[in-house]
Amino acid sequence: MRIKRRKFLILGSLLGLSSYVKAERTTDFEKEFKAVKSTITAVQEHMFPKGSKIPSARSMHVTTFLYETITHKSFDRDIKAFVVEGAEELMRREKGKFTSMNRIEKEKALRDYEMTNYGSTWLSRMMTLTMEGMFSDPIYGANIKESGWKALGAYGGFPRPKTKYMES
Amino acid sequence: MYDVVIIGSGASGGAVAYTLCKAGYKVAVLEKGRLVKKEEFSKDELAYCRRDLVTPSLFDEYHTIEEKVDGKWVSTPTYESGWSFWNGNIVGGSSNLMSGMLHRLHPDDFRLKSKYGEIKGANVVDWPISYEELEPYYALAEELVGISGHYESHAYEPKRSTPNFTQPPTKENRVVKLIDKACHSLGVTPLVTPRAVLSQTKPGRDACYYSNFCGSYGCSSGAKGSSREALLKPALATGNLTLLTNTHVKYLHTKSKDEVSYAVVVDTITGKEKQIEGKIFVVAAQAHESARLLLNSANKHHPEGLGNSSGELGKNLIFSGGGSGQGELHKESLKEIKFDELMTTGLFINRTVLDWYFIDHWWDGKFKGGSVEFMFEHQNIISRARKNNYENGKLVWGEALGERVVKRMTEQKNIRFEIFNDWLPNDNCFVSLDPTHKDKYGMPVGKLRVEGHPQDVKVGKYIAKKCEKILEEMGAKNIYSGVSSSPPQNLVAGGCRFGDDPKTSVLNKYCQSHDVKNLFVADASFMPTGGSVAYTWTIYANAFRVADHILERLKQV
Ligand SMILES: Cc1cc2nc3c(=O)[nH]c(=O)nc-3n(C[C@H](O)[C@H](O)[C@H](O)COP(=O)(O)OP(=O)(O)OC[C@H]3O[C@@H](n4cnc5c(N)ncnc54)[C@H](O)[C@@H]3O)c2cc1C
Ligand code: SF4
């Protein structure tokens with residue numbers, strides 16, 4: 001049985017907010033995203049730190065990529081709302097302190113969050129969205145100078161895209 | 001008024017359009033998707049494999065899928081599950097994106113019931129035509145679509161009217177040396193997979209340049225035998241084809257009981273509706289959508305759906321699948337070939353095993369088996385990097401993630417097998433109209449109940465065990481296989497069975513509606529059983545056969 005994504009996102013929410021209802025409302029998404037942006041960046045940087053064999057999140061503009069990709073009309077509107085809502089939940093759990101924590105504290109906060117179904121789904125989504133940026137065509141702006149591909153020794157095929165799909 | 005109106009521009013629609021346009025008839029192809037030109041196709045993993053760029057948004061158009069949960073049928077819209085049953089909705093349909101591993105059915109696939117008798121819980125019937133009747137069209141499709149390969153005689157390889165393929169096989173990765181050796185030492189015969197990919201240039205089409213991203217991607221050289229490249233382009237060149245893109249067909253209208261008079265279409269950009277008239281209508285929207293379209297065309301003359309006096313419309317939907325498995329070839333333990341050779345990108349593994357197509361064994365018994373394809377794991381970068389990043393149920397991140405992903409991507413390559421065995425038609429696999437859900441054009445969506453028959457899983461497991469042995473013999477590590485009755489959504493057939501008896505079938509042997517004389521269904525809907533190979537060579541061949549019959553009719557008008 002395939003998981004009922006929408007139901008899961010709604011019931012799983014500890015905030016009692018409904019991703020779906022939220023997505024249906026016309027919200028100022030840019031504003032909402034701005035409020036969680038630093039938390040999302042901090043999570044990405046924790047998952048993809050400096051000194052790893054793959055490039056660091058900090059060096060790859062992965063938050064900008066994430067914003068651009070989730071705001072395009074082709075992106076699932078439930079997941080778009082979930083991205084923000086999951087970050088808000090993390091902020092709430094950690095009483096707004098997540099971004100100022102040190103590495104050990106962040107690790108604990110994220111592993112604790114991962115213990116909940118909701119948190120583990122959200123973290124998994126963060127991982128996917130970050131890797132999508134890092135390992136997609138450099139045209140999307142987050143695989144800078146192909147350094148994501150170089151690290152993996154794997155390169156996209158030819159022809160490369162001339163435009164971002166968001167622009168076509 | 002057009003001579004012929006075709007709904008859907010994919011493999012089947014393209015074959016019909018090609019034949020009729022070449023013969024000088026005026027044809028309209030109505031395609032709900034847009035035209036993506038050869039030059040526009042890129043290897044953009046994000047766009048083609050991770051976003052709905054060549055398929056509709058599931059919030060606009062979707063299916064509901066019924067599965068049994070705790071003894072009850074539960075229906076889930078695909079916008080909730082993310083399990084899309086769209087396969088490529090652009091000019092050329094899903095044939096743009098196929099991997100192109102093509103096989104002919106075996107002559108006994110046309111008479112499964114006579115050969116194996118009844119199977120409890122399965123609605124198996126013989127076909128009203130034989131392999132011999134379809135063979136000339138397999139040969140025609142081979143030539144026109146451009147199928148490369150190498151014929152070797154084998155007990156379960158059907159006979160051909162031409163001695164061999166005109167195009168030699170595409171270039172192969174050295175890993176085939178390992179596969180061949182492993183097979184031979186286990187007494188298994190590896191055969192070369194016929195592929196709808198040109199190994200040599202053909203007028204108007206360049207040969208394959210081994211781009212490494214073939215399946216799930218459009219081809220920018222013209223080598224892949226998509227309907228767009230191989231059939232619609234030459235059809236357009238005749239001047240007889242009107243290709244109407246962004247034209248979604250809502251339903252077909254019949255003014256009288258036995259004739260379709262026009263198609264009601266909506267322009268997907270402007271939202272404007274119009275009627276398109278023709279003398280003959282050919283539905284080629286891919287099996288599950290063709291049945292839905294005919295069900296949605298119910299009217300006072302045809303209250304249960306167009307051409308559904310038998311009550312069989314939408315029933316006996318089938319899929320082509322059976323399971324798959326994988327093993328890892330590691331740098332440190334690789335023998336016979338060099339690691340660099342294994343890691344060479346782009347080249348194909350053209351290897352098929354047909355040894356278990358029919359099983360007649362003193363211990364295992366006598367039953368219909370299946371075929372096997374070997375291939376590398378899809379070379380998409382994001383999906384390869386993203387998978388298997390859990391340890392003890394926890395997501396791996398940080399430096400450990402870097403170590404893990406880089407090692408996996410640079411020190412091993414994964415080899416897969418895919419099994420294709422008959423999906424036995426049964427009462428719990430069918431398309432109907434969802435009573436509540438509608439698409440953005442206001443039409444009921446297709447509701448798919450997709451239960452497989454237990455025999456399919458048994459056969460899949462039987463073959464998977466044998467394939468695991470081949471991978472083991474090759475020196476692969478961490479071998480596993482997965483066999484389930486979950487349907488592969490890109491290989492679908494049935495729903496409008498053909499047959500001689502109008503009481504038990506929707507179409508006659510020419511895939512013409514028993515009830516409505518100017519209505520044909522040209523895609524895989526006609527197949528009462530699916531054989532143990534992927535469908536597309538049969539789809540192309542049968543559509544050419546149907547087109548020949550339509551030509552005969554047009555000549556008489
Ligand atoms: C990734 C992938 C890999 C594959 N690999 C293989 C392979 O290796 N071997 C193999 O045998 N097969 C393979 N296939 C399957 C193969 O592509 C299909 O079997 C074949 O294309 C089906 O032909 P068709 O004409 O039935 O449908 P399609 O080719 O899908 O064409 C149907 C067309 O009808 C249009 N349409 C539907 N409804 C409407 C409507 N209401 N109004 C207007 N237009 C409509 C659709 O937009 C579509 O363009 C693969 C498919 C995919 C997606
Ligand atoms: S060039 Fe070859 S490998 Fe690439 S998409 Fe075309 S047929 Fe496939």
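A polar contact is taken here as a pair of N or O atoms within 3.5 Å. With that cut-off in mind, and noting that the model is predicted, an oxygen atom of ligand 1 lies 3.2 Å from a polar backbone atom of B:Gly100. Backbone contacts of this kind are listed below, each with an oxygen atom of ligand 1.

| Residue | Distance to an oxygen atom of ligand 1 |
|---|---|
| B:Gly100 (polar backbone atom) | 3.2 Å |
| B:Ile90 (polar backbone atom) | 3.3 Å |
| B:Gly10 (backbone N or O atom) | 3.5 Å |

Taken alone, ligand 1 exposes 1000 Å², of which the protein buries 95%. Two or more residues of the shell around ligand 1 come from each of the elements α1 (11-22), β7 (247-253) and α13 (536-556) of chain B, and β7(B) gives the most, with three residues. There are 37 residues around ligand 1, and those that come nearest are B:Ser12, B:Glu31, B:Asn89, B:Ser94 and B:Thr536. Sorted by class, the shell around ligand 1 holds 15 nonpolar, 19 polar and three charged residues.

Chain B also contains an open sheet of six strands, which follow one another in the order β5-β12-β15-β18-β11-β21 with antiparallel pairing. Its edge strands, β5 (190-192) and β21 (477-482) of chain B, each pair on one side only, and neighbouring strands of the sheet are turned against each other by 25° on average, direction ignored.

Most residues other than glycine have a negative phi, and most peptide bonds are trans. Against that background, B:Tyr210, which is not a glycine, has a positive phi of about 55°; B:Tyr210 is placed in the loop between β5 and α7 (227-237) of chain B. In chain A, a cis peptide bond with omega of about 0° joins A:Phe158 and A:Pro159, and A:Pro159 is found in the segment after α8 (147-152) of chain A.

Conventions: Residues are numbered from 1 along each chain as its sequence is written. Chains are lettered from A and ligands numbered from 1 in the order in which they are written. This is a predicted model: local features need pLDDT of at least 70, side-chain atom pairs count only at pLDDT 80 or more; totals for chains, interfaces and linings use all residues. Side-chain values use heavy atoms; hydrogens and water are left out. Two strands pair if DSSP finds at least two bridges between them. Helices (H or I, at least four residues) and strands (E, at least two) are DSSP runs, numbered from the N terminus. Axes are lines fitted to C-alpha atoms, for helices over the stretch in contact, and angles run from 0 to 180 degrees between N-to-C directions. A residue is near a molecule or strand if one of its heavy atoms lies within 4 Å of it. A polar contact is a pair of N or O atoms within 3.5 Å; within protein, one must be able to donate a hydrogen and the other to accept it, and residues adjacent in sequence count only if both atoms are side-chain atoms. Accessible areas come from the Shrake-Rupley method with a 1.4 Å probe; for residues, only the protein chains shown count as cover. Ala, Val, Leu, Ile, Met, Phe, Trp, Tyr, Cys and Pro count as nonpolar, Asp, Glu, Lys and Arg as charged, and the others, Gly among them, as polar.
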